[in-house]
Amino acid sequence: MPVREDFLASSDWLAGHLDDEHLRVLDCTVFLRARPEGGPGYLVETGEAEWLGSHIPGSIYADLHNDLSDRSSALRFMMPPAAQFETAMGSYGVGNDSKVVLYDRAGNMWAARVWWMLRAFGFDNARVLEGGWKRWTDDGHPVETGPVGRAPGRFTVVPRPRLIASRDEVLELVRSGDACIVNALNGAQFRGEVAPYGRPGRIAGSVHVPAIGDAGVVDPRTQTFGSVEEIRARFIKAGAEPDRRLIAYCGGGIAASSTAFAAVMAGFRDVAVYDASLSEWAADPTLPMETG
């Protein structure tokens with residue numbers, strides 16, 4: 001069974017290691033706002049203003065929306081080219097010898113997304129801050145304001161393409177049934193009662209393990225992950241098997257990264273994120289979906 005502490009950093013541990021010269025702490029917050037005029041989709045707002053106003057001492061703001069997403073894609077938050085990711089991580093002071101702790105202010109899914117990207121680009125020495133910004137401040141740890149300077153890091157990627165699933169792979173697996181395809185959205189979205197990504201519902205045949213909520217891998221009240229045993233049982237109940245391919249998806253690969261992170265932490269060995277998720281799938285009427 002994996003060791004939870006290999007994936008998560010406690011606030012007390014981080015507070016005691018802030019002086020570590022190899023440590024890099026990244027605030028990964030992004031906010032999704034409802035459109036004032038209504039309609040599908042969300043408005044994206046970076047968390048940089050909140051980071052400038054108050055952050056973990058020495059942390060750098062990692063701009064997922066602008067720096068860490070493919071600028072050539074019409075879809076949001078897609079995996080960037082390797083060279084772009086290398087440049088961005090280097091600008092944050094992250095090198096291949098760094099120890100990285102990731103946090104956010106919105107239930108860990110943004111931090112988990114950057115964790116998944118680092119993993120997909122061959123970097124394993126990263127952890128998510130348990131409970132994120134909420135736990136850090138609730139525990140009374142110090143904060144600071146204003147910009148932070150870091151010397152550039154030397155970051156080189158070693159891509160692991162199996163960690164990112166494509167539309168074609170997902171479609172093949174829907175037809176063959178040779179993988180467990182997991183929807184990480186909330187219950188209303190899974191059932192198709194609301195449709196922020198276009199067509200309502202879920203990828204046909206997919207099961208439900210949400211990123212956050214009472215049935216999710218993250219407790220919405222504490223913003224902490226469940227135990228490894230609880231998470232593992234949740235996936236197995238949904239139909240996942242530790243040695244079978246598992247692909248997590250959501251609207252655009254963010255909540256899916258949190259569910260995928262939890263699956264890896266719980267010992268599932270062949271896990272991927274469908275990067276484009278419903279932003280791509282729901283827009284194509286030839287791709288199978290279901291509701292209810």
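Predicted model: local features only at pLDDT ≥ 70, side-chain atom pairs only at ≥ 80, totals over all residues.
A cavity is a set of points on a 1 Å grid, over the protein atoms alone, where a 1.4 Å probe fits but cannot get out, and lining residues have an atom within 4 Å of a point. I listed Leu-185, Gln-189, Val-194, Ala-195, Pro-196, Tyr-197, Arg-199, Pro-200, Gly-201 and Leu-278. By class, I noted 7 nonpolar, 2 polar and 1 charged residues in this lining. The volume of the largest cavity is about 50 Å³.

Next I looked up the largest pocket. A pocket is an open set of points with protein on both sides within 12 Å along at least five of seven lines. I read a volume of about 740 Å³ for the largest pocket. Its lining has 33 residues, and Leu-32, Tyr-42, Met-109, Leu-185 and Tyr-197 lie nearest the centre. β3 gives the most to this lining, with 4 residues.

Then I turned to Arg-105. I found Arg-105 in the loop between β6 (99-103) and α4. Is Arg-105 buried or exposed? Arg-105 counts as buried because its relative accessibility is 18%, and buried means under 20%, exposed over 50% (1.4 Å probe, protein chains only). I also noted that the Arg-105 side chain makes a polar contact with the side chain of Asp-27, at 3.0 Å. Such a contact is a pair of N or O atoms within 3.5 Å, where one must be able to donate a hydrogen and the other to accept it.

On method, I number residues from 1 along each chain. Side-chain values use heavy atoms, without hydrogens and water.

Conventions:
Points joined across faces, edges and corners; volume = space filled by probe spheres on them. Helix = DSSP H or I, 4+ residues; strand = E, 2+ residues; numbered from the N terminus. Nonpolar A, V, L, I, M, F, W, Y, C, P; charged D, E, K, R; others polar.
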